Amino acid sequence: MIQLKQIKKSFGRHQVLKGIDLQVEKGQVVAILGPSGSGKTTLLRCINFLERPSDGEIEIGGITVQCKRPSKSDIHTLRKQSAMVFQQYNLFRHKTALENVMEGLVVVQKIPKEEARERSIALLKKVGLENKLDAYPSQLSGGQQQRVGIARALALNPKVILLDEPTSSLDPELVGEVLSVIRKIAKEGITMIIVTHEMAFAQDVASHIIFMDDGVVVEQGSPVELFNSPKEERTRQFLKRYT
Ligand code: ADP
């Protein structure tokens, strides 16, 4: 479903990703863990070319892109395979919740407005916001804004949803509502890659865990393998700080 081969990324002389290989099967929920600065967000952003990898190959749902020499149309097609949920929500401030979800359907996918509206309402219902269709982001809590962000990602019907620390901007009392929405969509079999610091959540929801440090995948495995019997010292040290 998704295959990354030797993904590298440098900012100037700083090599942030040092050759990442990753395979994700359909329906898998993959959590990426690791210390701050280890390259987790950069990796996620490379998957849909928000950052252009310096080298390597990305394959999603049958579309393969050679990162060194991608054509514009390759990038365009690859981007459509995934949808991103951002740490800071990234909603349009001057659009309502409903308009935020509809935007991609109408503008990018050229779906007729009435159909886009119906689909968007159903998705906002799914994330528990049927009463907030006409609210602007400033009238919503952080948790509600992030749930709009999740509905917007789902609306694009992507092969994979990429979530970049989806709860890290939230007040602690709002984290639970967002995690429970993510848990619910994970149960529906949607493929997801989540960068998170929520260890209990990762352990509970992920089918596969990746531990990154200093631009490499140090260790990966099932939640049980990684949390109960980590093989690498770096993984053990990291987990010790959280558990
Ligand atoms: P993580 O998500 O694991 O905290 P990041 O991927 O955000 O790590 O960052 C990894 C490293 O890349 C950090 O040292 C960060 O400063 C650097 N970095 C990230 N984005 C940029 C950028 N746009 N320009 C320069 N350096 C960046």
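A residue counts as near a molecule or strand if its C-beta atom, placed from the backbone, lies within 6 Å of it. This is a predicted model, in which local features need pLDDT of at least 70 and side-chain atom pairs count only at pLDDT 80 or more, while totals for chains, interfaces and linings use all residues. Residue numbers start from 1 along each chain, as its sequence is written.

**View 1. The shell around the ligand.** The residues surrounding the ligand are F11, V16, G34, S36, G37, S38, G39, K40, T41 and T42. Helix α1, residues 40–47, gives the most to this shell, with 3 residues. Helices here are DSSP runs (H or I, at least four residues), as are strands (E, at least two), and both are numbered from the N terminus. Sorted by class, the shell holds 2 nonpolar, 7 polar and 1 charged residues. Nonpolar covers Ala, Val, Leu, Ile, Met, Phe, Trp, Tyr, Cys and Pro; charged covers Asp, Glu, Lys and Arg; the others, Gly among them, are polar.

**View 2. Helix α4 against helix α5.** The axes of α4 (residues 113–126) and α5 (residues 142–155) come within 9 Å and cross at roughly 135°. Axes are lines fitted to C-alpha atoms, for helices over the stretch in contact, and angles run from 0 to 180 degrees between N-to-C directions. The two helices are therefore oblique to each other; angles under 35 degrees count as roughly parallel, over 145 as roughly antiparallel, 65 to 115 as roughly perpendicular and the rest as oblique. On the α4 side, R119, S120, L123, L124 and K126 meet A151, L154 and A155 of α5, contact being C-beta atoms, placed from the backbone, within 7 Å. This contact has 5 nonpolar, 1 polar and 2 charged residues.

**View 3. Helix α3 against helix α5.** Here the axes of α3 (residues 97–108) and α5 come within 8 Å, crossing at roughly 25°. α3 and α5 are therefore roughly parallel to each other. From α3 the contact takes A97, N100, V101, G104 and L105, and from α5 it takes V148, A151, R152 and A155. These residues divide into 6 nonpolar, 2 polar and 1 charged.

**View 4. Helix α5 against helix α6.** The axes of α5 and α6 (residues 172–187) cross at roughly 20° and come within 8 Å, and the pair is therefore roughly parallel. In α5, G142, G143, Q146, R147, I150 and L154 meet L174, E177, V178, V181 and I185 in α6. By class, the contact has 6 nonpolar, 3 polar and 2 charged residues.

**View 5. The whole chain, for orientation.** The protein chain has 9 helices and 10 strands. Its C-alpha trace spans about 50 × 45 × 30 Å along the principal axes. A compact globule of 243 residues would have a radius of gyration near 18 Å, and the protein chain, with 18 Å, agrees. The radius is taken over C-alpha atoms, and the globule rule is 2.2 Å times the number of residues to the power 0.38.

Notes
Contact = placed C-beta atoms within 7 Å.
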